[in-house]
Amino acid sequence: MEFTVSKFREFLNKRKIMAAKCKKCGVINLPPRPICKNCRSSDLEWIELKGKGKLVTFSIVHVPPTPLIAEGHGREKPYAFGVVELEKGARITARLVGFDLKKPEKIQIGMDVEAEFLEKNGKTILTFKPAS
């Protein structure tokens, strides 16, 4: 099975966060890639991540790209994205949902977050919300 972003998206449609773990050095490649980012080995295996992690950093965007403008985002309705560290050190960039963006001081680096799968136009989008 190929270690590609398109395969990663297929797993997202099944509400699974899958990464490529290097059998040689143990690094988790997320999103997956055919060659390990650490040791360049192509000896990889799929592993499923649980979807719970910690917020590493975030940003609130008031000038969104076109697809998010179509969803109603803009200067008056910003959106947020961040980097989340999942178990075993795997990090991924994703949209943040369920946060009060009018009070960004309430969003804390290191806070617990969990995956939320959104359905948009027939695609599953990985987002993260505050952990319950």
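Reply: The model is predicted, and its largest pocket holds about 610 Å³ of space. This pocket is lined by 20 residues, and those closest to its centre are Arg-9, Arg-95, Thr-124, Ile-125 and Leu-126. Helix H1 (5-13), helix H2 (66-70), strand E6 (91-96) and strand E8 (123-130) each contribute at least two residues to the lining, and H1 gives the most, with 5 residues. Sorted by class, the lining of the largest pocket consists of 11 nonpolar, 4 polar and 5 charged residues.

The second largest pocket, with about 220 Å³ of space, has a lining of 14 residues, and Lys-77, Pro-78, Tyr-79, Phe-99 and Leu-101 lie nearest its centre. Strand E5 (79-86) and E6 are the elements that give two or more residues to this second lining, which by class has 7 nonpolar, 3 polar and 4 charged residues.

Leu-126, one of the residues closest to the centre of the largest pocket, also belongs to the largest nonpolar core, where Leu-126 is among the members, with Ile-17, Leu-30, Leu-49, Leu-86, Ile-92 and Phe-128, that touch the most others of its 23 residues. The elements giving two or more residues to this core include H1, E6 and E8, each of which also supplies at least two residues to the lining of the largest pocket. Within this core, Leu-86 is in contact, beyond its neighbours within four places in sequence, with residues including Ile-17, Leu-30, Leu-49, Ile-92 and Phe-128. Apart from this core lies another, of 8 residues, among them Phe-3, Phe-11, Met-18 and Ala-20.

Key
Residues are numbered from 1 along each chain as its sequence is written. This is a predicted model: local features need pLDDT of at least 70, side-chain atom pairs count only at pLDDT 80 or more; totals for chains, interfaces and linings use all residues. Side-chain values use heavy atoms; hydrogens and water are left out. On a 1 Å grid over the protein atoms alone, a cavity is a set of points where a 1.4 Å probe fits but cannot get out, and a pocket is an open set with protein on both sides within 12 Å along at least five of seven lines; lining residues have an atom within 4 Å of a point. Grid points are joined across faces, edges and corners, and a volume is the space filled by probe spheres set on the points. Helices (H or I, at least four residues) and strands (E, at least two) are DSSP runs, numbered from the N terminus. Ala, Val, Leu, Ile, Met, Phe, Trp, Tyr, Cys and Pro count as nonpolar, Asp, Glu, Lys and Arg as charged, and the others, Gly among them, as polar. A nonpolar core is a set of buried Ala, Val, Leu, Ile, Met, Phe, Trp, Tyr and Cys residues joined through side-chain atoms within 4.5 Å. Buried means under 20% relative accessible area, exposed over 50%, partly exposed in between (1.4 Å probe, protein chains only). Contact means heavy atoms within 4.5 Å.
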